[in-house]
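Me: I have a structure to read and have not looked at it before. Can you walk me through the fold and the side-chain packing?

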Amino acid sequence: MQRLLIRLDDITPDMDWEKFERLAALFEQYQIHPIIGVVPDNQDKTLRIREPEADFWERIHALKGRGWVIAQHGFQHVYVTGKSGLLGVNAFSEFAGLPYQEQYEKLRKGQEIFEKKGIPATMFMAPGHTFDRKTLKALKKLGFTSVTDGYGSMPYRRAGLLFLPCTISEPRVPKRFDTLCLHANHMTEAQFDELAEFIGAHRNLIGNADDFLEKHAFSARAYVPTGWAEEHKNLLLHKAKRIASQNETVQTYLQRTDSEKAAQKRKKRLLGLPGLVFRLLFHRAYK
């Protein structure tokens with residue numbers, strides 16, 4: 001399977017609606033049905049871009065009617081702990097690290113808002129990509145069926161929930177399965193152009209989230225040791241790349257061993273690896 005889904009985070013009554021509608025028009029042009037993460041009770045001041053839309057929930061109803069998948073994006077989108085949760089991506093969370101009952105109540109209150117508005121959501125989108133085992137337990141108890149997150153390369157099951165991996169924030173062709181995470185509030189003109197060009201060139205790889213869930217909700221492989229190993233391998237690579245990008249010695253090594261020819265670059269980096277390890281261990285800089 002080689003498939004890319006698209007998700008939009010931080011959908012609130014007071015977001016940048018002009019940018020959102022621009023994305024909506026692009027998706028409508030190519031008949032793409034994304035996942036949108038709606039914050040039930042937004043209290044995050046950083047997401048308040050303009051005056052709230054009075055017909056917000058009517059708009060969400062209309063998008064759901066067009067095939068867009070609605071995900072519950074936390075409760076209030078306010079980070080209250082410094083925990084990174086199961087994925088270890090960010091050191092802040094609305095849920096990870098809190099007692100089970102507190103997490104359950106937050107999720108229940110958010111779910112209650114959705115139900116009162118007549119928009120039941122069974123997919124969860126964690127603010128900051130941070131959640132822990134207690135979050136998953138509470139989600140399962142409340143009847144959620146899927147989570148848009150994870151560092152695997154294929155959909156998988158864990159704690160009775162279907163996980164749709166999400167590892168990229170810039171348009172690119174996935175090796176197997178992935179979800180492109182977009183934040184309309186912060187998109188630039190160049191990013192809009194890049195996205196439009198990418199979709200035009202790769203529409204055949206972009207799946208509709210509603211169709212995908214309908215076809216694969218019960219067929220994703222179980223979360224077995226091999227799946228666990230794959231996700232944690234990807235997480236380690238992600239952390240290693242982040243550390244390397246901030247290390248001057250590693251960056252010098254990468255520059256000195258670079259080459260336009262892939263085979264030559266591999267050879268140079270392999271031969272230079274012992275020297276890199278020595279410099280990292282003994283804090284020696286390249287001269």
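**Sheet and packing**

Reply: Eight strands make an open sheet of mixed pairing, in the order E6-E7-E5-E4-E3-E2-E1-E8. Two strands pair if DSSP finds at least two bridges between them. Helices (H or I, at least four residues) and strands (E, at least two) are DSSP runs, numbered from the N terminus. This is a predicted model: local features need pLDDT of at least 70, side-chain atom pairs count only at pLDDT 80 or more, and totals for chains, interfaces and linings use all residues. Residues are numbered from 1 along each chain as its sequence is written, and side-chain values use heavy atoms, with hydrogens and water left out.

Me: Which are the edge strands?

Reply: Strand E6 (156–158) and strand E8 (177–182), each of which pairs on one side only.

Me: How many bridges join E1 to E2?

Reply: Three, between strand E1 (residues 3–11) and strand E2 (residues 35–38), and the two run parallel. Arg-7 has Ile-35 in E2 as its bridge partner, and Ile-11 stands opposite Val-38 in E2.

Me: What packs on the sheet?

Reply: Helix H3 (residues 100–116) does, touching E2, strand E3 (69–72) and E4, with its direction at about 145 degrees to that of E3. Helix H6 (residues 209–216) also packs there, touching E1, E2, E3, E4, E5, E7 and E8, and its direction makes about 80 degrees with that of E3. Contact means heavy atoms within 4.5 Å. Axes are lines fitted to C-alpha atoms, for helices over the stretch in contact, and angles run from 0 to 180 degrees between N-to-C directions.

Me: Which residues cover the faces of E2?

Reply: Ile-35 and Gly-37 are on one side, Ile-36 and Val-38 on the other, and all are buried. Buried means under 20% relative accessible area, exposed over 50%, partly exposed in between (1.4 Å probe, protein chains only). In a regular strand the side chains alternate between the two faces of the sheet.

Me: Switching to rings. How many aromatic pairs are there?

Reply: The structure holds 13. In one of them, the ring centres of Phe-124 and Phe-144 are 6.3 Å apart and the planes are at 75 degrees, so the pair is edge-to-face. Rings of Phe, Tyr and Trp (its six-membered ring) pair if their centres lie within 6.5 Å; planes under 30 degrees apart count as stacked, over 60 as edge-to-face and the rest as tilted.

Me: Where do Phe-124 and Phe-144 sit?

Reply: Phe-124 is in strand E4 (residues 123–124) and Phe-144 in the loop between helix H4 (133–141) and strand E5 (146–147), 20 residues apart. Both are buried. Phe-131 and Phe-163 form a tilted aromatic pair, 6.1 Å centre to centre with 45 degrees between the planes. Phe-131 lies in the loop between E4 and H4 and Phe-163 in strand E7 (residues 161–163), so this pair ties together parts 32 residues apart in sequence.

Me: And His-77, is it buried or exposed?

Reply: His-77 counts as buried because its relative accessibility is 5%. His-77 is in the loop between E3 and H3.

Me: Which residues is His-77 in contact with?

Reply: Leaving aside neighbours within four places in sequence, they are Asp-10, Val-39, Asn-42, Asp-44, Leu-47, Glu-94 and Pro-127.

Me: How much of the chain is buried overall?

Reply: Of the 287 residues of the protein chain, 47% count as buried.
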